[in-house]
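Let's take a walk through this structure together, a bit at a time. Keep the viewer open as we go.

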Amino acid sequence: MRAFGYTEYGGPEVMHHLEMEDLTPGEGQVLIRLAAAGVNPADIKVRSGLRRDRIEVRFPMPMGREAAGDVLDVGPGVTGFRPGDAVFGSTAAGTGAFAEQVLLSAAGTALRPEAVTAEQAASLPVSVCTAFDALDELDLPDGATLVVLGAGGGVGTAACGLARDRGLTVLGVASESKRPIVEELGARPVLKGDGWTERVRALAPDGVDGVIDTVGGETLREAAGLLRAGNEAGESGQGSGRGRSERGQSGPNRSRVLPLRSVADYELARELGGAPVTRRRTSAVYSQVAELVAAGHFTPVVSAVHPFEDAAEAVAAVETGSPVGNVVVTG
């Protein structure tokens, strides 16, 4: 089968098209024919070796960690999926998504509703569901004010749209070029760069109730100073409940730290009293988010779709650029 990936850790130069053997699903795995795969900054960190202690890689390794397609076969112990089903999900450990055949983890696979396109579904497991998890952790009440740093990217656009659907007031910090999409998602745009915190304070003079960060560094540090005094994530228990999944309002995972969640700078988030986003890569969460999309509560932002032959261009768009929303490769 055709694949696009790498045989050693490194930069863009290690990526190329590969010929690999056809796959057979093992226990707890679902084999699909690729329809679409998402491209994310985390994929580049995996390829570079920065996450070798956290993410299993088996060379040759296709790029990508999320995919949508039709089921070809299922491995031992897998129930709920059968050949021909349209599904999406997270790749099985040690495998990738940019290939004609993809192995998904059955525990992180969900049926794709007919109203959700393959390109949209391929954007859900990483970026959209990260934003969903972050919002569940913050558990902000209706009318609360949320700042999203990097509001024009994959996680950022999802955070804006999903938060708006929960009744939150969203301030989206992004470049001027991304103002239109931030506004379209129902957020109030805030121009990034020098003076951005003053621009936020002009809109929220009493402070903000939560922060979702996709930028890190000094921007994250400055954002912590915008939080209202005394805020703790999950304390209110007054959220609208829309979109909440098994974490719930009173579950064991409710946080008692500052309502600040980062996907970009874990250590600084902890230092500031916040936390990284705890990911729940489960079929239940994926299904719930897909149903929100199918019902029209939120539409994933897919700004670029590249054919498989142009997979290198798709990765470059994420690695060297700053794309709006999500970038997808189709099979």
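A strand here is a DSSP run of E, at least two residues long, and strands are numbered from the N terminus. With that in hand, look for G38, which sits in strand β3, residues 29–39. One thing to keep in mind as you look around is that this is a predicted model.

Is G38 buried or exposed? Its relative accessible area is 1%, and anything under 20% counts as buried, so G38 is buried. Leaving out residues up to four places away in sequence, G38 touches D43, G64, E66, F98, A122 and V327.

Now hop over to strand β6, residues 86–91, where you'll find A86. A86 has a relative accessible area of 22%, so this residue is partly exposed. Setting aside neighbours within four places in sequence, A86 is in contact with G69, D70, A110, L111 and R112.

Next up, the helices. Two packed helices are described by the angle between their axes and the distance between the axes. Helix α3 (residues 124–138) and helix α4 (residues 154–165) pack at about 50 degrees, and their axes are 8 Å apart. An angle between 35 and 65 degrees is neither roughly parallel nor roughly perpendicular, and α3 and α4 are therefore oblique to each other. The crossing of α3 past α4 is right-handed. Who meets whom there? On the α3 side you have S127, V128, T130, A131, F132 and L135, and on the α4 side G154, V155, A158, A159, L162 and A163. Sorted by class, this contact of α3 with α4 has 9 nonpolar and 3 polar residues, with no charged ones.

For another pairing, turn to α1 and helix α10 (residues 311–319), whose axes are 9 Å apart and meet at an angle of about 100 degrees. That makes α1 roughly perpendicular to α10. P41, I44 and R47 in α1 meet V315, V318 and E319 in α10. By class, the contact of α1 with α10 has 4 nonpolar and 2 charged residues, and no polar ones.

On to the cysteines. A disulfide is a covalent bond between the sulfur atoms of two cysteines. How many disulfides are there? The count comes to 0, taking a pair of sulfur atoms within 2.5 Å as the rule. Look at C129 to see why: the closest cysteine sulfur, in C160, is 16 Å from the sulfur of C129, too far for a bond. C129 is buried, at 0% relative accessibility, and C160 is buried too, with a relative accessible area of 0%.

Finally, have a look at the backbone. Most residues other than glycine have a negative phi, and most peptide bonds are trans. Where does a cis peptide bond turn up? One joins F59 and P60, with omega at about -5 degrees. P60 is in the loop between α1 (41–48) and β4 (61–62). As for phi, D139 has a positive value, near 50 degrees, although D139 is not a glycine. You'll find D139 in the loop between α3 and β8 (145–149), and with a relative accessible area of 2%, D139 is buried.

Note on methods. Residues numbered from 1 in each chain as written. Predicted model: local features only at pLDDT ≥ 70, side-chain atom pairs only at ≥ 80, totals over all residues. Heavy atoms only, no water. Axes fitted to C-alpha atoms, helices over the stretch in contact; angles between N-to-C directions. Helix = DSSP H or I, 4+ residues; strand = E, 2+ residues; numbered from the N terminus. Parallel < 35°, antiparallel > 145°, perpendicular 65-115°, else oblique. Left-handed = near helix turned anticlockwise from the far one by under 90°. Contact = heavy atoms within 4.5 Å. Nonpolar A, V, L, I, M, F, W, Y, C, P; charged D, E, K, R; others polar. Buried < 20%, exposed > 50% of the residue type's maximum accessible area, 1.4 Å probe, protein only.
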